[in-house]
Amino acid sequence: MTDTSEATPTPVGRRTVLIATGATAATLAVGAVGAAAPEAPTDAIPAAAAAVCTLTKEMTEGPYYLDGQYVRADVTEGKAGVPLKLALTVVDDDTCATIPNALVEIWHCDALGEYSGFVGNNGHTEPDDGTFLRGGVLTNSAGLASITTIYPGWYRGRCVHIHVKVHTGVTLTADGSFTGGTELHTGQLFIDESITTKVAVVSPYSTNTVTRTTLAQDSIYDDGGAASGLMTLTALGSSTSAGYTGTLTLGVERS
């Protein structure tokens, strides 16, 4: 079943930013040479977040979101796949100051393209009695959210991606979930095609017979690099099966 409701992004009024890193930041910094700009107070921008801020649009939530998911650092629930350790830093887009105690929530499909709660939409008949690959954590004092998951698979019409929300002021509940708070950001995280090509030949991804949509073919990703949620991935070992760390600094508008 094609995820048609993700084909056209829903217009949004809020701004978000992603902090450009690596080559992206360098390119933007070079472009800014010679342009006069007011200096920010030295105590307003922590050294760890002192990077070029790039405005970007939020991205569609899609049809597979479920409310009230678990607050937990490991969302795998035994799902097989290449390990992926997310390191997502949340900052205020106005000051670039890190935001502690923000809930970073993710959800994505498994290696065969199925979402928990919606199993069967990509053609499989496995039991749908779990909440696999859903959940989130509160950012620490440095604004960092660390989540263990697996590399996402793919389904008809979409490239490999991870959905993400950022909330502040949530209340943790006795059943391990959360309520309330303010939703500051809804977006998607993406991964370079060169890495997905390697993962696609590793089991169980190799058994996914759906034709894979690439970043260039995707209707949501706009080729904006880090400004559109493209993570930086670092290998955890010498083989693809050892997995990756995915990093991105995500800025949100708090007011």
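User: Where is Glu77 placed, and between which strands?
Analyst: This is a predicted model, in which local features need pLDDT of at least 70, side-chain atom pairs count only at pLDDT 80 or more, and totals for chains, interfaces and linings use all residues. Residues are numbered from 1 along each chain as its sequence is written, and side-chain values use heavy atoms, leaving out hydrogens and water. Strands (E, at least two residues) and helices (H or I, at least four) are DSSP runs numbered from the N terminus. Glu77 is in the loop between strand 2 (53–56) and strand 3 (83–92).

User: What is phi of Glu77?
Analyst: Most residues other than glycine have a negative phi. Glu77 is not a glycine, yet its phi is positive, near 50 degrees.

User: Is Asp223 buried or exposed?
Analyst: Asp223 lies in the loop between helix 2 and strand 11. Buried means under 20% relative accessible area, exposed over 50%, and partly exposed in between (1.4 Å probe, protein chains only). Because its relative accessibility is 66%, Asp223 counts as exposed.

User: Which residue has a side chain joined to that of His108 by a polar contact?
Analyst: His108 lies in the loop between strand 4 (103–107) and strand 5 (134–138). A polar contact is a pair of N or O atoms within 3.5 Å; within protein, one must be able to donate a hydrogen and the other to accept it, and residues adjacent in sequence count only if both atoms are side-chain atoms. At 2.7 Å, the side-chain partner of His108 is Thr149.
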